[in-house]
Amino acid sequence: GVVVIQEWWGLQDQIKGVCDRLAQAGYHALAPDLYNGVAVPYHDPEAANRQMTSLNFVDATENAVRGAVQYFKKQGLKAGLTGFCMGGAVTIIGSVRIPELDAGVCFYGIPPAQAADPAKVRIPLQGHFASRDDWCTPQAAHDFEAAVKAAGKSVEFYMYEADHGFVNEQRDSVQDAESARLAWDRMMAFWKKHLG
């Protein structure tokens with residue numbers, strides 16, 4: 001089972017499409033709606049920022065996201081967590097705070113250190129980041145990866161010559177098809193290794 005966490009835009013068709021692709025690959029996929037029905041249009045970053053900044057990331061991770069993970073575990077499934085942008089940050093928080101998780105894949109999101117201490121990552125973690133990202137910067141990704149490795153934890157991060165949001169095929173201004181395909185293939189190999 002894979003829990004999929006939204007970007008700051010909310011539970012858009014993009015995230016539903018990720019769930020569909022995971023299902024076609026043989027995984028159960030579930031995307032909890034962290035905005036309770038609000039989906040922000042792609043042309044309105046101010047509204048997206050308001051939604052994201054009003055979200056208590058730790059509370060959402062420990063309740064809604066953990067509940068989705070526990071749902072899979074009660075069915076006897078291994079559980080993975082993935083997310084994009086804001087959801088990438090939630091994935092990393094989950095890697096520290098959700099004891100039932102088996103593995104995580106983060107796409108271009110790093111939370112503040114107080115939300116997720118890199119030394120406390122509990123699961124194998126893969127990350128995908130963009131070289132031209134001014135929100136989740138390459139330096140932030142590098143620093144987090146180095147801190148996780150320094151603590152002796154399992155982490156593999158990849159950097160792409162792309163912009164933030166490069167996996168989202170609904171946003172032509174940032175999507176990079178080749179980088180997205182490579183990241184997807186790496187994620188699927190990672191799930192096969194850690195979830196079966």
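Residues are numbered from 1 along each chain as its sequence is written, and side-chain values use heavy atoms, with hydrogens and water left out. Because the model is predicted, local features need pLDDT of at least 70 and side-chain atom pairs count only at pLDDT 80 or more, whereas totals for chains, interfaces and linings use all residues.

## The sheet

Helices (H or I, at least four residues) and strands (E, at least two) are DSSP runs, numbered from the N terminus. Two strands are taken to pair if DSSP finds at least two bridges between them. Strands of a sheet pair through backbone hydrogen bonds, either parallel or antiparallel.

| Strand pair | Bridges | Direction | Residue pair |
|---|---|---|---|
| β1 (residues 2-5) and β2 | Two | Parallel | Val-3 and Leu-30 |
| β3 (residues 80-84) and β4 | Five | Parallel | Gly-83 and Cys-106 |

Strand β4 (residues 103-107) is largely enclosed by the rest of the structure, because five of its five residues are buried. Buried means under 20% relative accessible area, exposed over 50%, and partly exposed in between (1.4 Å probe, protein chains only). Ala-103, Val-105 and Phe-107 point one way from β4, while Gly-104 and Cys-106 point the other way.

Tyr-108 is found in the loop between β4 and β5. Its phi is near 40 degrees, a positive value in a residue other than glycine, and Tyr-108 is buried at 0% relative accessibility. Cys-85, in the loop between β3 and α4, likewise is not a glycine and has a positive phi of about 60 degrees. Cys-85 is buried, with a relative accessible area of 5%.

## Cysteines

A disulfide is a pair of cysteine sulfur atoms within 2.5 Å. By this rule the model has zero disulfides. For Cys-19, the nearest cysteine sulfur is that of Cys-85, 16 Å away. Cys-106 has its closest cysteine sulfur in Cys-136, at 6.3 Å, which is too far for a bond. Cys-19 is buried at 11% relative accessible area, and Cys-106 is buried at 0%.

## Helices

Helix α3 (residues 57-74) and α4 have axes that come within 9 Å and cross at roughly 70 degrees. Therefore α3 is roughly perpendicular to α4, a class that covers angles of 65 to 115 degrees, with under 35 degrees counted as roughly parallel, over 145 as roughly antiparallel and the rest as oblique. Axes are lines fitted to C-alpha atoms, for helices over the stretch in contact, and angles run from 0 to 180 degrees between N-to-C directions.

Val-148 is found in helix α5 (residues 138-150) and is buried, with a relative accessible area of 0%. The C-alpha atoms of Val-148 and Asp-117 are separated by 8.7 Å, although these residues stand 31 residues apart along the chain.
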